[in-house]
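Thanks, everyone. Let's get started with the sheets. Have a look at the model first.

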Amino acid sequence: MTGGPSGDGADAAGPAEILAAEREHLAASRAALRAMREHARSLSSDAAGDWVSQQILQALLDQRVAALADHSGTPLFFGRLDRSADDDLPVTVHVGRRHVHDDRSRPLVIDWRAPVSRAFYQASPADPMGVALRRRFGYHAGDLTAFEDERLDQGEVIRRSRILTEEIERPRSGPMRDIVATIQPDQDEIVRSEPGLTVCVQGAPGTGKTAVGLHRAAYLLFTHRERLARSGVMIVGPNRAFLAYISSVLPALGEVKVDQTTVAGILGDHRAPEDPAAGTVKGDARMVPVLRRALWAHIVKPDEGVLFTKGVNRYRVADHEVREIVASLRGTTRYGPGRAALAQRLAHLVLVRMEQRGEAPDDRVQDAVARSRPVKQLVDRVWPKVTPEQVLHRLFSDPGFLAAAARDDLTADEQALLLWTRPPRSFRSAKWSAADGALMDELGDLIERTTPLGHLVVDEAQDLSAMQLRALGRRCRTGAATVLGDIAQGTTPWSARSWREVLTHLGFEDGTVTELTLGFRVPREVLDYAARLLPSIAPDLAPPRSLRPGVGSLSVRHAPEPATGLTEAAREALSREGSIGVIVPDASVVAVSEALSALEHRVLSQDSAEEHRLLVVPATLAKGLEYDHVIVVEPADIVDAEPRGLARLYVVLTRAVTSLTVLHTRELPARLR
C-alpha cells in the first residue's frame, strides 16, 4: 500500500509529497552523519596521560571514525515506524544501519539493533507492538525511490512486498551485502537471541543463515559492547575466498573491529597431503584420551631427590618426597603449570629445611631456589618441557609409544594409519596435515590454557571434525557461539550427521538447534532440482522451500562439444545483469579457463578475493558463495571426484540466485535424469 498516515501530520499528503519529505529527511540524516564523523575526526588523543594511553585512545577514535563512514550506495535508513505506544520514545522512528543524531542530539535514525526497532521486523496486525504504521523504503543506487505502508492498527499487511522482493532479487557483484532491510521474523529471533545462548542454525541453501550469523554478531556487539570489546568476537569461515565474500557485511553495519579467519588461520596453515582414512581417525574424538596419555607419559618416576647448597649449608629433599609431590600434581593441573608448581613445591621444602635450622627465608628466597640449577635439572628430568609438535612426532614415529597411549581406544589398523612410514628425523622437519593442526591444538591446551573469546560465529560447521570443533569450542568456553551450516552440504569424510553431535564436541550440549527451511535467494525451480539429491545425502532433512518461483531459471543442456557449449552459456549470462560463477570439477579448472580464453575472466583460488564478474570456481571452493548466474560443468565429474561427491554437487547446484545452467557431456547422476 503506497501512501498513508504518518506521525508528522502528513495524513492527507499524497505519495509524491511523502516521498519528497522522506528524501529531505534522508538528506538531513546524511548531513548529520557527516557532522558526527567530522566531530569524531576532530577529537585528539593528546588528553591521554602517557604515550601508551594516547595510542589506545587514538585507535579507538580511528575505529569510531571508520564506523561513521557513509556508504553512498547503501541506504542510511530503510524503514519507518509511526508508533501509537504511550511512552517516552519518539512517535516517529526511522530505522537504519546505525544511530544518527543532529546537533541537538535528536535522533534522526535509530539503529536497527535498538529495542524499539524490533517492531519493524516483528510487528503484525495480530500483535502490532505499539506500531500504527510500518513504512518500507525502496532505493536505487542510494537514492530513495519508493515506499510501502502497512497500517498495522487497521489490520492491513502486505503479503508480498514489492520492495522486499526487489531487494532480495537485486543482482549483485562483489562481496556479500547485509540483509538488515529484509530480515524476516524467524531470522530476527535468532539474531536477537540472548548473548549467553549458543544457537545452532540448520539452514537450507538461500535461507540466509550466514547473514543471520553475521547480523547476530553485530547485534551482540551493540547490546553488550563493553564486555565483547574486551573478550572479542571472531567469525570463522571455510576458506579465505569465503571470508573475502562476507568481508563487507559487518563494516556496513558499523562494526569494523571483528576478527575474521578460517580454521587453518587458528590451527595453523598445515597442508601436507594425507590419506583421508588417516585424517578421519585423527579427527575422531577418541584421539582426546590418546593425546592426554601421550603427553603425561613424558613424566618419569623420580629416583633421586634434590640437594640445594647455599654457602656451607646443604639442604636435601628426599626422593620419596619428590615422588609424593609429582603424584599430587599429576592430572590435577595442566602440564605447563604443573612444571612450575613442581619447582615451587620443591623450593618450599628447601625453605622448610632452612627454617628448621633457624633461618628466616622469604618469598624471594623461594623463587631463587625454584630457579636454581639443582631444582631446574630435576624438574627437566622428571617433568620435561615439551611442545605439541614433539609429542605428536613421537606418537606417529614410535609404534610402542602409540600403542601404549592408544590402549583400547584405537584398533591396530587405526594405529597403523597414524604411523609414519618414513618418520622425519625430528619434529622440526615434520610436515603436518590439517588434521594434525587440531591435534596439536588439543595438546597445546593440555599444556597451557587457551585464551577464550566472548563469542564465536562458525559457518559451514557441518564439515568440521570432532577435534576441530573441540579446538573452536575451547576458544569460547566462557562465552557462547553461533553455529551455522547445513547437514546436506557436508562434504568431508567426517561430516556431521546431527547438530547435537556438533554441539557436544563444541562443549555446548545445552545449545539450541533451530532450522531455516524457507529460502529467499535460490529460485524454487533451481532448489527443487537440487533437492532431488537429498534422499541420497540427507534423507532425514525436510526438503527446502523457496519463496521465489523462478520460472525459466533452470536450463539443463547436453553439450557434445563442451568448449562451444560453455562459451555460448557464458556469453548468454554476460548479456544479463549480475555476477557469473562457472563452477567446475577441480581437475578441470585449467581446461575450462582455456575454453573461456576469448572472454575476460578470472579463476577463484583458495586464498584469493577475486571480484571479477565472470569467475571460474573450483567446486571445492563454491560452498557459502553465490552468484546471480551459475554455470555448472559436468556434474558427473564433480560426483566422481570425492566420496561425498553427491553432497558436493548439491552445494554447487544451489549457488544460483537468478539462473542455473547445467552443461554435461557425460550422463547426469541418476537422481538428476
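Before any pairs, the rule: two strands count as paired when DSSP finds at least two bridges between them. And keep in mind that this is a predicted model.

Take Phe-77: its bridge partner in β2 is Gly-96.

Now zoom out. Which order do the six strands take in this open sheet? The order is β3-β4-β2-β1-β5-β6, and the pairing is mixed. At the edges sit β3, 100–101, and β6, 143–151, each pairing on one side only.

What lies across these strands? Helix α1, residues 15–42. Helix α1 covers β1, β2 and β3, plus β4 (107–111), β5 (131–140) and β6. With β6, helix α1 makes an angle of about 115°.

On to the other sheet. This one is also open, with six strands, ordered β17-β22-β21-β18-β20-β19. Here the pairing is parallel. The edge strands are β17, 554–558, and β19, 602–603; each pairs on one side only.

Strand β19 pairs with β20, residues 614–618, in the parallel sense, over two bridges. Arg-602 has Leu-615 in β20 as its bridge partner.

This sheet has a helix packed on it too: α25, residues 562–574. Helix α25 touches β17, β18 (580–584), β20, β21 (627–633) and β22 (656–664). The direction of α25 makes about 175° with that of β21.

That's the tour. Questions, please.

Definitions and conventions. Residues are numbered from 1 along each chain as its sequence is written. This is a predicted model: local features need pLDDT of at least 70, side-chain atom pairs count only at pLDDT 80 or more; totals for chains, interfaces and linings use all residues. Side-chain values use heavy atoms; hydrogens and water are left out. Helices (H or I, at least four residues) and strands (E, at least two) are DSSP runs, numbered from the N terminus. Contact means heavy atoms within 4.5 Å. Axes are lines fitted to C-alpha atoms, for helices over the stretch in contact, and angles run from 0 to 180 degrees between N-to-C directions.
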